[in-house]
Amino acid sequence: MEFIKDIHREKIATGKPAISFEFFPPKTEKGEAQLFHAVLPELLKIQPDYCSVTYGAGGSTRGKTLEMVSRIQKDFQLTCMSHLTCVNATREEVNQVLIEANKSGIKNILALRGDPPGGKGDFQATEGGFTYSKDLVAFIRSEFDFSIGVAGFPEGHIDCKEGREVDWDRLKEKVDSGADFIITQLFFDNDDFFRFRDHLVKKTGMTKPIIPGILSVLSTRQIKRFTELCGASIPESMLNRLDDLAEDDAAATEFGIEHAVRQCEALLDAGVPGLHFYCLNKSYSTNRIVDALSRYR
Ligand SMILES: Cc1cc2nc3c(=O)[nH]c(=O)nc-3n(C[C@H](O)[C@H](O)[C@H](O)COP(=O)(O)OP(=O)(O)OC[C@H]3O[C@@H](n4cnc5c(N)ncnc54)[C@H](O)[C@@H]3O)c2cc1C
């Protein structure tokens, strides 16, 4: 299995984008069987460069996340990154997770602070734990040999009341603590991404790969809930169209694919080094989008 920093370096050298997918640990055996026997084999047809598995809210999927990452690497020989958060964990507990990850052959960690348990209120660091993801990044860098990714927020992080540029400056500090690449929160207006990238590159001197996170809409209700939780916005014209399709998930899915293809084409034309798809443990939309981007690969 490879370090993702090397995958990005190799892809950038060839001028082709790295394509990656994100999964979450299924809650049921049926969901897990579906992921391993149907979704992953389908997604592999479009030859992804790597994938990742989320860490459940409140650290709830700790063991499951590592188990899934190892199984994906073993069953499909696909490099897989484990997400890791600081929620409900002391430094020693985080250390144990990292030791276990290392033993299981995991080479890549997406280092995150995480959200407060229940998703509400201010984040409180666990006693003896980490307050910000940059502290986690620094810890991993000093103790282990993982390639480290961090989260970036093209519209600014939802908790950052000082404005998005302050949040982006903090992202630079986070990267300077030892991260190798950035994966962004979902966004629908590429201008948000370009402003964010311009600030990072031109104002802070960022040189690490900045990978846009792409979500293809599956239903109006679902995307309204997601964006409310993470603080991303839906452009007015898109929202109007989605409101028209509120009772028709199949049509909303088609609209989501069309929007994502246009969005990805414009991002690739503007030279992004990769695309990270929030595929929500499904293959249909992501396969259609990546197929439509074949001329870039
Ligand atoms: C690609 C991606 C994957 C994700 N995967 C998961 C997952 O698997 N599991 C999960 O639970 N969540 C996940 N999240 C959500 C993430 O955990 C939340 O958005 C969380 O609220 C912030 O995490 P962070 O790592 O960006 O935090 P941080 O970088 O620590 O930032 C959190 C807040 O603190 C502020 N801040 C940073 N440094 C300072 C400072 N020195 N002083 C004052 N304020 C500061 C920032 O501006 C920001 O508002 C993911 C998000 C993304 C974009």
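A nonpolar core here is a set of buried Ala, Val, Leu, Ile, Met, Phe, Trp, Tyr and Cys residues joined through C-beta atoms within 7 Å; a residue is buried if 20 or more other C-beta atoms lie within 10 Å of its own, exposed if 12 or fewer, and partly exposed in between, with C-beta atoms placed from the backbone. In soluble globular proteins, nonpolar side chains tend to be buried together.

Because the model is predicted, local features need pLDDT of at least 70 and side-chain atom pairs count only at pLDDT 80 or more, whereas totals for chains, interfaces and linings use all residues. Residues are numbered from 1 along each chain as its sequence is written. Helices (H or I, at least four residues) and strands (E, at least two) are DSSP runs, numbered from the N terminus.

Of its 5 residues, 4 are buried, so β4 is largely enclosed by the rest of the structure. On one side, β4 runs parallel to β3, to which 4 bridges join it, and Leu84 stands opposite Ala111 in β4; strands count as paired if DSSP finds at least two bridges between them. β4 also pairs with strand β5 (residues 147–152) in the parallel sense, over 3 bridges, and here Ile109 stands opposite Ile148 in β5. Leaving aside its neighbours within four places in sequence, Ile109 is in contact (C-beta atoms, placed from the backbone, within 7 Å) with Met81, Ser82, Leu84, Ala101, Ile140, Phe146 and Ile148.

Where does Asp145 lie? Asp145 is found in the loop between α5 and β5, and it is exposed, with 9 other C-beta atoms within 10 Å.

The ligand is surrounded by 23 residues, of which the closest are Thr54, His83, Arg113, Ser133 and Ala151; a residue counts as near if its C-beta atom, placed from the backbone, lies within 6 Å of the molecule.

Note on methods:
Contact = placed C-beta atoms within 7 Å.
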